[in-house]
Amino acid sequence: MFNGKDMKDNRIDILGLNLEEIKSFLVKMGEKAFRAKQIYEWLWKKPVGSFEEMTNLSKDLRYLLNENFFIQSIRIEDMQISKDKTIKVAFRLNDGALVEGVLIPSEDRATACISSQVGCNLGCEFCATGKLGLKRNLSHGEIYHQVVELMKLASEKYNLSLTNIVLMGMGEPLLNYDNVLKALEMVSSEDGLRMSSQRITLSTVGLPRMIKKLADDKVKFNLAVSLHSANELKRSEFMPANRRNSLAELKEALIYFNEKTGQRVTFEYLLMEGLNDSLKDAAEFAEYCKSFPVKINIIEYNSTGDARFKRSSNEKFNAFVIFMKSKNLVVNVRRSRGTDIAAACGQLAGKK
Ligand code: SAH
Ligand code: SF4
């Protein structure tokens, strides 16, 4: 009775209602208004996936809610645990679609990597998700519940609190703008999970118009841009999204973002053999970073089975990093986690 929405019913996603709207529904139905607060807490603060679990409500009220609403939740269908303790999770959505998330634990923290869309239509050639095409956007509830599930997992498996969130799973978050922002707002809200925005990072392929919108909306979370090449032709070759948005436009949008929010953007740079890992590539990258404050993450590529793309050799990797550091840039190196279970960003493709 209390299961998720089936395709034919016309119940409403209750996560789309604010507290006042829940209150008016209750009053209209002859229920006590103060119950709205309890319901709201069950939805966001100690989130449950069904009305049945809202144990401080009467059976009748739970039934009434279930007749009129559904909770856009998700369930863990499958889990793979890596030797290094990284856990890849397949989430089954109400309509049967699958997305993946990853929990990356370390000594004193745990990071949740979550998805924003089922698939992605931007087609970066090195990315497994890009090969799927786009099935649909995730709702804000589905995005939120990935955090909730990974938070529970961190606590159950490793006795860790969730400290960081990265939107680096499947999909392009800026093409599902409203739902992503709504979900992140609730993640950091007092009414929600109370996680600091400073511990949340949204990663984007770099869409100038949407980056300006983030700046205008004065977001407080971190922004990471998957650059992977600062050469116009090269970037357009393996990242088709670059054909519609030049690197110059991207830079202009990032300068705008920096001015409006005061935030330093992070560039992600995946090193792929023979493609973007030469010292000439590094020089172009360093030049691109010159006009505004940035942080740089240099990342190991994870094989996805496409023979055209390979991880750079250690020598090339190190030479690239040393060159970037010699230009007085803030450089971090990100080695892969969960490679034995294909749990790294960009390898998430809902293989089932
Ligand atoms: N669409 C967004 C966020 C999801 S992809 C974006 O592109 O930023 C998250 C990150 O994984 C991106 O930096 C992407 O370039 C990277 N990625 C894609 N394929 C990868 C792979 N095979 N190995 C390592 N990182 C990969
Ligand atoms: Fe989409 Fe990001 Fe993969 Fe590119 S790297 S195809 S934008 S998910």
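This is a predicted model: local features need pLDDT of at least 70, side-chain atom pairs count only at pLDDT 80 or more; totals for chains, interfaces and linings use all residues.
**Stop 1: α1 and α2**

Select residues 19-28 for helix α1 and residues 35-45 for helix α2. Their axes come within 9 Å. The crossing angle is roughly 130°. The crossing is right-handed. Now show side chains. From α1, pick L19, I22, K23 and L26. Facing them in α2 are R35, A36, K37, I39, Y40 and L43. Colour this contact by class: seven residues are nonpolar, three are charged and none is polar.

**Stop 2**

Move to helix α4, residues 140-158. Select E149 and K152. Both sit in this helix, three residues apart, or about one turn. Side chains of opposite charge can pair when their charged atoms come close. Here E149 and K152 form a salt bridge, with 3.3 Å between the closest N and O atoms. Across the whole structure, a search finds 19 salt bridges.

**Stop 2**

**Stop 3: α6 and α9**

Select helix α6 at residues 208-216 and helix α9 at residues 247-261. The two axes come within 9 Å and cross at roughly 5°. Angles under 35 degrees count as roughly parallel, so α6 and α9 are roughly parallel to each other. On the α6 side of the contact, show P208, I211, K212, L214, A215 and D216. On the α9 side, show E249, L250, E252, A253, L254, Y256, F257, K260 and T261. This contact divides into nine nonpolar residues, five charged and one polar.

**Stop 4: α10 and α11**

Finish with helix α10, residues 279-288, and helix α11, residues 314-326. The axes come within 10 Å and cross at roughly 30°. That makes α10 roughly parallel to α11. α10 passes α11 in a right-handed crossing. What does each helix bring to the contact? α10 supplies L279, D281, A282, A283, F285 and A286. α11 supplies A319, F320, F323 and M324. Colour by class again: nine of these residues are nonpolar, one is charged and none is polar.

How values were computed: Residues are numbered from 1 along each chain as its sequence is written. Chains are lettered from A and ligands numbered from 1 in the order in which they are written. Side-chain values use heavy atoms; hydrogens and water are left out. Axes are lines fitted to C-alpha atoms, for helices over the stretch in contact, and angles run from 0 to 180 degrees between N-to-C directions. Helices (H or I, at least four residues) and strands (E, at least two) are DSSP runs, numbered from the N terminus. Angles under 35 degrees count as roughly parallel, over 145 as roughly antiparallel, 65 to 115 as roughly perpendicular and the rest as oblique. A crossing is left-handed if the near helix is turned anticlockwise from the far one by less than a right angle, and right-handed if clockwise. Contact means heavy atoms within 4.5 Å. Ala, Val, Leu, Ile, Met, Phe, Trp, Tyr, Cys and Pro count as nonpolar, Asp, Glu, Lys and Arg as charged, and the others, Gly among them, as polar. A salt bridge is a side-chain nitrogen of Lys or Arg within 4 Å of a carboxyl oxygen of Asp or Glu.
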